[in-house]
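Please look over the structure below with the packing of its helices in mind.

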Amino acid sequence: MTAIIIILVIIAALALFLVSIYNSLIQLRNRVKNAWSQIDVQLKRRHDLIPNLIETVKGYMKHERELMENITKYRSQAMDAGSVGEKAKAESLLSGALGQLRVQIENYPDLKANQNFLALQEELTGTENRISFSRQAYNDQVLFFNNKIQMFPSNIVAGMFGFKEEEFFQIEDPKEKEVPKVSFS
Amino acid sequence: MWELIESNRHKSILLFIALGAVLFFSGYIFGRFYDYEYGGPIGVLIGLTLWLILSAISYFAGTKILLSMSGAKEVTKAVHPQLFNVVEEMKIAANLQHMPKIYIIDDPAPNAFAAGIKTENAVIAVTAGLLGKLNRDELQGVVAHEMAHIVNRDVLLMTFAGVTLGAITIVSEVFLRSVIYGGNSRYKSKSSEKGGQLQLIIMVAALVFAILAPIMARLLYLAVSRKREYLADASAVRLTRYPEGLASALEKISDSTYDLEKANSITAPMYIVNPLKKKGMKLSNLTSTHPPISERINILRAMQNGVHYPSYQSAFQFIRNSREKILPPTASLDRVPLVMKKPPIGWYAQQDDKKTKRTSGDLIMQLNDFSFIDCSCGIKIKIPPEYKHTNIICPKCSTKHELPAISKS
């Protein structure tokens with residue numbers, strides 16, 4: 001009798017242990033998903049900011065018509081993109097064009113003194129940072145999740161329920177990784 | 001980040017058991033002092049009631065009290081867009097679900113603190129002096145440090161540790177005063193019947209304990225507080241991927257000659273630098289809530305193998321020249337050496353003073369008797385004057401360098 005009770009208690013404890021590991025795996029995977037959706041939220045934020053930027057800059061930068069048109073074009077491409085690949089491509093083109101704009105603005109001292117633009121500058125920096133931090137956060141969450149999957153004893157539970165390692169976010173366009181080289185002398 | 005919270009729970013449980021045991025024993029022994037036979041449980045009950053009342057107050061109104069004591073005011077984004085952006089960036093980097101509320105303290109002393117027991121109603125407060133003094137990257141470092149206090153649940157830990165410490169202090173104080181100023185008539189009437197040696201021992205022990213308990217509890221509390229500061233620095237660097245931001249912010253803060261007006265010992269552990277101590281002092285003693293600021297800066301600047309936790313750990317050991325593990329054990333799970341960010345060239349072109357900062361950092365080290373060795377792998381090893389060994393191993397390529405003895409002269 002006592003032997004049966006002891007065995008039952010051990011089984012119950014083991015089950016509880018497995019359930020807690022399973023739950024923490026689910027929790028970590030949800031965080032990965034949540035972090036992934038954050039990237040989209042931040043990209044959308046950038047899309048919303050662009051018309052405002054173009055509006056402010058347009059009057060000053062008469063010679064950069066083509067660049068502005070490109071920015072508008074990439075923005076709508078990114079917004080309409082169907083597949084993840086297309087979207088990533090349009091977003092990286094957009095980042096590149098915005099980087100170019102950032103460089104060109106240095107040639108327009110009047111614009112740089114404009115109050116609206118100064119405020120916008122902070123918003124743009126904030127937006128670019130949000131995008132890069134949301135990617136970073138996603139990679140961090142993937143790291144934690146993958147760690148958990150690889151480590152004992154959670155690797156057993158992960159194997160039992162078919163948890164797979166998530167992929168890290170990598171920037172495809174090497175240009176976007178690079179910090180634009182600008183000299184302001 | 002999330003891995004660390006787990007180990008924090010274990011750590012906080014240990015701290016609570018230790019502090020709780022002190023409180024429990026204080027109540028018990030003080031109770032027996034007054035009534036040898038039945039006093040113990042009553043004393044324990046009094047101690048626990050006090051603890052419950054204090055806990056309830058700080059749980060339900062703690063943040064409000066803290067904010068009003070520090071003179072902080074909630075602000076909207078229009079007041080300081082950059083601060084809002086930086087806080088939100090760090091919220092995203094920490095993968096936090098809720099945006100903390102933002103408060104500004106109208107004080108010229110540069111400082112900042114975090115509050116809020118739950119992450120849902122967290123608060124980050126910064127002084128006006130801080131906003132005036134720091135550039136965007138430095139502000140980001142400070143905000144990341146505060147965000148780390150929130151995510152690592154330090155606010156919760158230090159609040160309840162503080163409450164328990166408070167209860168111990170009050171109980172001991174009241175007991176000592178009552179012994180000194182009020183006669184203990186009950187003891188006298190009982191002593192004739194029960195007067196054994198054991199009773200005398202308990203009485204002496206109670207008096208000794210009343211003096212020592214608050215001191216011991218405080219030292220324990222402070223040791224934990226300092227550890228949490230190191231961890232918050234390490235987490236901040238992991239969030240921003242840019243140690244120089246926080247390092248140069250700390251440097252600017254320590255250069256300030258202002259003192260924060262509305263700070264006290266209860267709020268002190270939550271600030272980025274200790275608001276109560278004269279700045280710039282080398283405090284290697286046990287009575288500070290924060291590690292010495294110069295040491296924190298040196299550790300951040302010594303991070304050369306990426307910005308993950310083990311890198312902070314080895315920088316700490318290098319600067320302190322010790323084997324001490326400052327971060328929770330789970331920090332070693334952070335195995336990928338994350339790449340340090342380059343000094344950002346963003347929409348702010350004017351922030352190009354990073355390189356001069358680093359050279360001035362080297363210069364300061366030089367003035368502080370640091371010696372430098374250029375390793376063949378390209379990094380510059382900075383050796384503090386306290387370093388006693390005759391050789392040093394390059395943290396990057398593991399080449400062994402002999403130290404010339406003349407560098408000390």
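In this predicted model, B:Q140, B:G141, B:A144, B:H145, B:M147, B:A148 and B:H149 of α5(B) meet B:A232, B:D233, B:S235, B:A236, B:L239 and B:T240 of α8(B). By class, the residues of this contact of α5(B) with α8(B) divide into six nonpolar, six polar and one charged. Helix α5 of chain B covers residues 136–151, and its axis and that of α8(B) are 8 Å apart, at an angle of about 120°.

**B:E146 in helix α5**

- B:E146 has its place in helix α5 of chain B, and this residue counts as buried because it has 28 C-beta neighbours inside 10 Å, where 20 or more are required.
- Once its neighbours within four places in sequence are left aside, B:E146 is in contact with B:A112, B:F113, B:A114, B:I124 and B:I272.
- Between B:E146 and B:A236 there are 90 residues of separation in sequence, while their C-alpha atoms are 8.0 Å apart in space; B:A236 is itself one of the residues of α8(B) that meet α5(B).

**Packing of α8 with α11 in chain B**

- Helix α8 (residues 197–240) of chain B also packs with helix α11 (residues 309–320) of chain B, at an angle of about 135° and with the axes 9 Å apart, which makes α8(B) oblique to α11(B).
- Where α8(B) passes α11(B), the crossing is right-handed, and the contact is made by B:Y230, B:A234, B:V237 and B:R238 from α8(B) together with B:Y309, B:Y312 and B:F316 from α11(B).
- Six nonpolar residues, no polar ones and one charged residue make up the contact of α8(B) with α11(B).

**Packing of α2 with α6 in chain B**

- Helix α2 (residues 39–70) and helix α6 (residues 154–181), both of chain B, pack at an angle of about 140°, and their axes are 9 Å apart.
- The crossing of α2(B) and α6(B) is right-handed, with B:G47, B:L50, B:W51, B:L54, B:S55, B:S58 and B:G62 of α2(B) in contact with residues of α6(B) that include B:T159, B:F160, B:V163 and B:T164.
- The α6(B) side of this contact also includes B:G166, B:A167, B:I170 and B:V171, and the contact of α2(B) with α6(B) holds eight nonpolar, seven polar and no charged residues.

**Helix α9 and B:E251**

- Helix α9 of chain B, which runs over residues 243–255, contains B:E251, a residue that counts as buried because it has 21 C-beta neighbours inside 10 Å.
- Most of α9(B) is covered, with 10 of its 13 residues buried; among them are B:P243, B:L246, B:L250 and B:I253.
- The 13 residues of α9(B), at 1.5 Å a residue, should span 18 Å, and this agrees with the 18 Å between its end C-alpha atoms.
- B:E251 and B:N391 are separated by 140 residues in sequence and, from C-alpha to C-alpha, by 30 Å in space.

**Backbone features in loops**

- B:N95, although not a glycine, has a positive phi of about 55°; it is found in the loop between α3 (81–93) and β2 (101–105) of chain B, and it is buried, with 23 other C-beta atoms within 10 Å.
- B:N321 likewise has a positive phi of about 55° and is not a glycine, but this residue, in the loop between α11 and α12 (354–367) of chain B, is partly exposed, with 13 other C-beta atoms within 10 Å.
- In chain A, the peptide bond from A:F152 to A:P153 is cis, with omega near 0°, and A:P153 lies in the loop between α5 (115–150) and α6 (154–160) of that chain.

**Chain B as a whole**

- Chain B has 12 helices and eight strands, and buried residues make up 42% of its 409 residues.
- Of the contacts in chain B between residues at least 6 apart in sequence, 67% join residues at least 24 apart.

Technical notes:
Residues numbered from 1 in each chain as written. Chains lettered and ligands numbered in written order. Predicted model: local features only at pLDDT ≥ 70, side-chain atom pairs only at ≥ 80, totals over all residues. Helix = DSSP H or I, 4+ residues; strand = E, 2+ residues; numbered from the N terminus. Buried ≥ 20, exposed ≤ 12 C-beta atoms within 10 Å, placed from the backbone. Expected span 1.5 Å × (residues − 1). Contact = placed C-beta atoms within 7 Å. Axes fitted to C-alpha atoms, helices over the stretch in contact; angles between N-to-C directions. Parallel < 35°, antiparallel > 145°, perpendicular 65-115°, else oblique. Left-handed = near helix turned anticlockwise from the far one by under 90°. Nonpolar A, V, L, I, M, F, W, Y, C, P; charged D, E, K, R; others polar.
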